[in-house]
Amino acid sequence: MALDAARSQEGFTSARATRVMAAACQAAGLDDRGAELIRIGENALFRLASAPVIVRVARGKEWLPKSRVEVGVSRWLWGEGFPAARVIEDLEQPLLIDGHPVTFWHLITEGGRKATYGELGGVLRELHSLTLPDGLVLPSYDPFDKQALRLDRAVIPDDDKVFLRKRWNELRDRYAELRFESAKGPVHGDAHVQNLMVDDQGRVILIDFEMFCYDHPEWDLMVTAVEHHSLGWQTDEQYADFVAAYGRDLYDWPGYETLRGIQEFGMTTWLMQNVQEDEETAAEYRRRIAGLRNDDAPRDWRPW
């Protein structure tokens, strides 16, 4: 009980994630010396120096079902010949280390460029056309499944928590009234262009399957639509390429404004988990919460 309290007080920091990563590598027979923390968000990502392997450490045991989905989706997509991130085959995973699910992935050696928005539209169109195999059970998309946990654990002012809980309830009411136009199928769930990588062979590879689900494809289209129409993160030409490759602009759908609210809320609560890491993250969180408080104001949010 005292140990659980200490963990809760510490939170999911880069230091804690590093300790979990080292213990997981020991359990898997891998050398963690020289491992580099690449990113910390919903997961902490480490690149090993001793082998071409990426180690993903999730925030807590509540993420174990999602880690299992990630592993199953990766194996399925590779079996389909779909260009996707690949788990290490000869390891039983995920491991649960000190209350944190840990998975191991082949390092993708990057080429000299980033994926384009046209390529993202094409990848999503191909993904949404796939048929799930028997035996792979995926959850429905739940845009609110981690929000209460994030708010409970976040190191933010109480006034922000009160506002965010109120907004959360408002969005849930609006979500209940949504009527989708498309049939359900495989959905990535976090389909921004940063979740594509171009390897040294020029292949465009889909990564990060934590939010993968079986639901309406609108959830994948909302990410780029909001980034363009609300945040201005793409040029008109880039967004036009995305729409042309996929074949649909979500902005024309009556449910867009509800999905916009859900996406911006999720982007803000995702970032607020790491306000204790550094002042740059804390400053971006303050920009985002200020934007949520004024729906009609221009967004000066930065990509993260």
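Colleague: At what angle do helix H4 and helix H8 pack, and how far apart are their axes?
Modeller: Helix H4 (residues 117-128) and helix H8 (residues 236-246) pack at about 25°, and their axes are 7 Å apart, where axes are lines fitted to C-alpha atoms, for helices over the stretch in contact, and angles run from 0 to 180 degrees between N-to-C directions. H4 is therefore roughly parallel to H8, a label for angles under 35 degrees, with over 145 counted as roughly antiparallel, 65 to 115 as roughly perpendicular and the rest as oblique. This is a predicted model, in which local features need pLDDT of at least 70 and side-chain atom pairs count only at pLDDT 80 or more, while totals for chains, interfaces and linings use all residues. Residues are numbered from 1 along each chain as its sequence is written, and side-chain values use heavy atoms, with hydrogens and water left out.

Colleague: Which residues of H4 and H8 make that contact?
Modeller: From H4 they are Tyr-117, Gly-118, Leu-120, Gly-121, Gly-122, Leu-124, Arg-125 and His-128, and from H8 they are Gln-238, Asp-241, Phe-242, Ala-245 and Tyr-246, with contact meaning heavy atoms within 4.5 Å. By class, the residues of this contact are six nonpolar, five polar and two charged; Ala, Val, Leu, Ile, Met, Phe, Trp, Tyr, Cys and Pro count as nonpolar, Asp, Glu, Lys and Arg as charged, and the others, Gly among them, as polar.

Colleague: And how do H6 and H10 cross?
Modeller: The axes of helix H6 (residues 158-176) and helix H10 (residues 279-292) come within 11 Å and cross at roughly 50°, so H6 and H10 are oblique to each other. Asp-160, Phe-163, Leu-164 and Arg-167 of H6 meet Tyr-285, Ile-289 and Leu-292 of H10, a contact with five nonpolar, no polar and two charged residues.

Colleague: What about H6 against H9?
Modeller: H6 packs with helix H9 (residues 256-272) at an angle of about 145°, with the axes 10 Å apart. On the H6 side the contact involves Leu-164, Arg-167, Trp-168, Leu-171, Arg-174 and Tyr-175, and on the H9 side Glu-257, Thr-258, Gly-261, Ile-262, Phe-265 and Met-272. That contact has seven nonpolar, two polar and three charged residues.

Colleague: Switching to the sheet, what is the strand order?
Modeller: The order is E1-E2-E3-E5-E4 in an open sheet of five strands with antiparallel pairing; strands (E, at least two residues) and helices (H or I, at least four) are DSSP runs, numbered from the N terminus, and two strands pair if DSSP finds at least two bridges between them. E1 and strand E4 (95-97) are the edge strands, each pairing on one side only, and the twist averages 30° from one strand to the next.

Colleague: How many residues lie between E1 and E2 in their hairpin?
Modeller: Two residues lie between them. Strand E1 (residues 36-40) and strand E2 (residues 43-47) pair in the antiparallel sense over four bridges, and Ile-40 stands opposite Ala-44 in E2.

Colleague: What is the average pLDDT of the chain?
Modeller: The chain averages a pLDDT of 92, and 97% of the residues score at least 70, pLDDT being the predictor's confidence in each residue, from 0 to 100. Over residues 1-9 the pLDDT is below 50, and this stretch has two contacts in the model beyond near neighbours in sequence.
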